[in-house]
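Open the model in your viewer and keep the selection tool at hand. We will go from stop to stop, picking a few residues each time.

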Amino acid sequence: YQKRSIKHLELWENNGWRIKLYGITHESRQSEADLIEAAKAAAKEHLPQPAVNPHRYGLGFIGIHQGRSYDFVFICYWNYDTELKHISLMRASSSSSQLEPVGEQELSNDVWDLRVLAFERDAWVKHVLSGNSADAEAYLAEQLNETV
């Protein structure tokens, strides 16, 4: 186990969606702009439309995990108040910008991905589910930046 950096990269808005982008990076790797763009392209393909309806807030997050051997992207969005939809993709070669759905054999979340998921769950409960009204702006403003 070696600690990895988790950084909020940007708040990305597209077609009604407002998505927090996170980078998780192995110490031997640098954040790659082409992988970030591939993650955004995949999100455009996988996020349902319309972004906002009686069951969706148009809010979510993406984890772009550049590991030692492989790169994983997880696209998550909130649905039916308490449900998190989760789509997992991977890039098997850093020379490719193509993201493929994660197969059953590879499907997993590691300790760094789980940290992002736990943080986002807590932010969702705090700002959207608790209290008198949902505060989407406060949810989007709460961002994870740490080494885990």
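How many residues are in the hairpin that joins β4 to β5? Four residues make that link. Before you select them, note that this is a predicted model: local features need pLDDT of at least 70, side-chain atom pairs count only at pLDDT 80 or more, and totals for chains, interfaces and linings use all residues. Residues are numbered from 1 along each chain as its sequence is written, and side-chain values use heavy atoms, with hydrogens and water left out.

**Stop 1: the whole chain**

Show the protein chain as a cartoon. Helices (H or I, at least four residues) and strands (E, at least two) are DSSP runs, numbered from the N terminus. Trace the chain from the N terminus, and the order reads β-β-α-β-β-β-β-β-α-α-β. The C-alpha trace spans about 45 × 30 × 30 Å along its principal axes. Of the 148 residues, 44% are buried. Buried means under 20% relative accessible area, exposed over 50%, and partly exposed in between (1.4 Å probe, protein chains only).

**Stop 2: strand β4**

Select residues 56-66, which form strand β4. Ten of its eleven residues are buried, so the rest of the structure largely encloses this strand.

Two strands pair if DSSP finds at least two bridges between them. Start with β2, residues 17-25. This strand runs parallel to β4, with eight bridges joining the two. Pick isoleucine 24, and you will find histidine 65 as its bridge partner in β4.

Next, select β3, residues 52-53. Here the pairing with β4 is antiparallel, over two bridges. Valine 52 stands opposite tyrosine 57. A hairpin of two residues joins β3 to β4.

Then take β5, residues 71-79. Eight bridges join β4 and β5, and the two run antiparallel. Click isoleucine 64; its bridge partner in β5 is valine 73.

**Stop 3: charged pairs**

Turn on side chains. Side chains of opposite charge can pair when their charged atoms come close. A salt bridge is a side-chain nitrogen of Lys or Arg within 4 Å of a carboxyl oxygen of Asp or Glu. How many salt bridges does the structure hold? There are twelve.

Select aspartate 71 and arginine 29. Their closest N and O atoms are 2.9 Å apart. The pair links distant parts of the chain: aspartate 71 lies in strand β5, arginine 29 in the loop between β2 and α1 (33-46), 42 residues apart. Are these two buried or exposed? Both aspartate 71 and arginine 29 are buried.

Move to aspartate 34 and arginine 91. Their side chains meet in a salt bridge at 3.4 Å, N to O. Aspartate 34 sits in helix α1 and arginine 91 in strand β6 (residues 83-91), 57 residues apart. Aspartate 34 is partly exposed, at 35% relative accessible area. Arginine 91, at 1%, counts as buried.

Now show Arg29, Glu32, Asp34, Asp71 and Arg91 together: a network of salt bridges links them.

**Stop 4: one last pair**

Select glutamate 146 and arginine 115. This salt bridge has its closest N and O atoms 2.5 Å apart. Glutamate 146 belongs to strand β8 (residues 146-147), arginine 115 to helix α2 (residues 111-129), 31 residues apart. Glutamate 146 is partly exposed at 28% relative accessibility, and arginine 115 is partly exposed at 26%.
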